[in-house]
Every structure is written in C-alpha cells, then in structure tokens.
Amino acid sequence: MISEDYTNFMVYLAEALLYSKNEQFAVPLLHILYEMQKRKSGFHSRTQFVIKKFSNPIIAFYSKTLQKNPQEANAYNNRGIAKKNQGDTTGAISDFTEAIRLNPQYADAYNNRGLAKKAQNDLAGAISDFTEAIRLNPQ
C-alpha cells in the first residue's frame, strides 16, 4: 500500500513540474499516480485536483505523443481521461473508441468509454461498454 506521505510528495512534485512547464516528466508521473490510486479504489483528492487543473497540458502531451505514434492506444485512452475530466465527453468517447479500435482487448478503454457514455446519459451504451470491460477483465 502507498503511504499518504509518499502520495502527497508525488502529487506536489507533479504539480511543481507542471507549473514549470516540464510536462514530459509531470504527465507520466500523474498517470502513474492515477493508475496506482485507481487500483486501491479511491483517489487522493490532490491528485484529482492537479489532473483537472492541468488537463490542457496533459491533453497537449498525449496529442504530441500521438503525432509521433498514432498507433498508441494507451495515449488515446489517457488523452480521453483528460478530456473527460475537462467535461469534453464527446472528445473523450472519440479517444476511447480509437483506443479500442487499435486494441480491441483494452478493457480499461471500454470501462472509460462506459463512464463517458454514462455522463452523457447513454445508459444502454454505458452498460454495453461495462459488460465488455468485465468480459475482457473479470477481476
């Protein structure tokens, strides 16, 4: 389990890196924090705040990544998460859909697309995506 002090340190480090325009270091650090906290089923509120506050540089970082490697399903998924955090559910769904097209076994992308569809009140679409995510990763 990750200690609260360590999590706080990593979040504040990522925030400092973002303020100093060092997205190439901050964005992967935030992604690691996001994934670690998602797995422990609960998010550190500062991590959520930083991810929402710096959505634009996060989106720009993953857009640059996709210019270099347009076949990178993880980058589409991660950019979709940032778009959803900004409230751009349509853009998020588009990115999650592209991640799924590139990797049809990508359970997290199905789950994330389901969350975005739920936010748009597309409950049938959300249930379909959640069902596929569970089928691909029943754990």
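R79 forms a salt bridge with D95, the closest N and O atoms being 2.7 Å apart; a salt bridge here is a side-chain nitrogen of Lys or Arg within 4 Å of a carboxyl oxygen of Asp or Glu. The pair links distant parts of the chain, with R79 in helix α5 and D95 in helix α6, 16 residues apart. Helices are DSSP runs of H or I with at least four residues, numbered from the N terminus. The model is predicted, so local features need pLDDT of at least 70 and side-chain atom pairs count only at pLDDT 80 or more, whereas totals for chains, interfaces and linings use all residues. Residues are numbered from 1 along each chain as its sequence is written, and side-chain values use heavy atoms, with hydrogens and water left out.

Both R79 and D95 are buried, a term that denotes under 20% relative accessible area, with exposed meaning over 50% and partly exposed the range in between (1.4 Å probe, protein chains only). D95 also forms a salt bridge with K83, for which the closest N and O atoms are 3.2 Å apart. Because D95 lies in helix α6 and K83 in helix α5, this pair ties together parts that are 12 residues apart in sequence. The relative accessible area of D95 is 3%, and K83 counts as buried at 16% relative accessibility.

A further salt bridge joins the side chains of R135 and E132, at 2.6 Å from N to O. Both residues lie in helix α8 (residues 123–136), 3 residues apart, which is about one turn of the helix. An α-helix has 3.6 residues a turn, so residues three or four places apart point the same way. At 53% relative accessibility, R135 counts as exposed. Through shared partners, salt bridges join R79, K83 and D95 into one network. The count of salt bridges comes to 6.

Helix α5 itself covers residues 73–86, and its 14 residues should span 20 Å at 1.5 Å a residue; the end C-alpha atoms are 20 Å apart, which agrees. The expected span is 1.5 Å times one less than the number of residues in the helix. Since 10 of the 14 residues of α5 are buried, the helix is largely enclosed by the rest of the structure. Among these buried residues are A73, Y76, N77, R79, I81 and K83. After α5 comes G87, whose phi is positive, near 95°.

The discussion now turns to nonpolar packing. A nonpolar core is a set of buried Ala, Val, Leu, Ile, Met, Phe, Trp, Tyr and Cys residues joined through side-chain atoms within 4.5 Å. Of the 15 residues in the largest such core, Y62, A99, Y106 and A109 touch the most other members. The elements giving two or more residues to this core are α4 (55–68), α5, α6 (89–102) and α7 (107–119). The most comes from α4, with 5 residues. Apart from this core lies another, of 5 residues, among them I81, A92, I93 and F96.

Y106 touches A73, N74, N77, A99 and L136, leaving aside residues up to four places away in sequence; contact means heavy atoms within 4.5 Å.

A search of the whole structure finds 1 aromatic pair. F61 and Y62 form this pair, which is edge-to-face, with 5.1 Å centre to centre and 80° between the planes. Rings of Phe, Tyr and Trp (its six-membered ring) pair if their centres lie within 6.5 Å; planes under 30 degrees apart count as stacked, over 60 as edge-to-face and the rest as tilted. F61 and Y62 are both buried.
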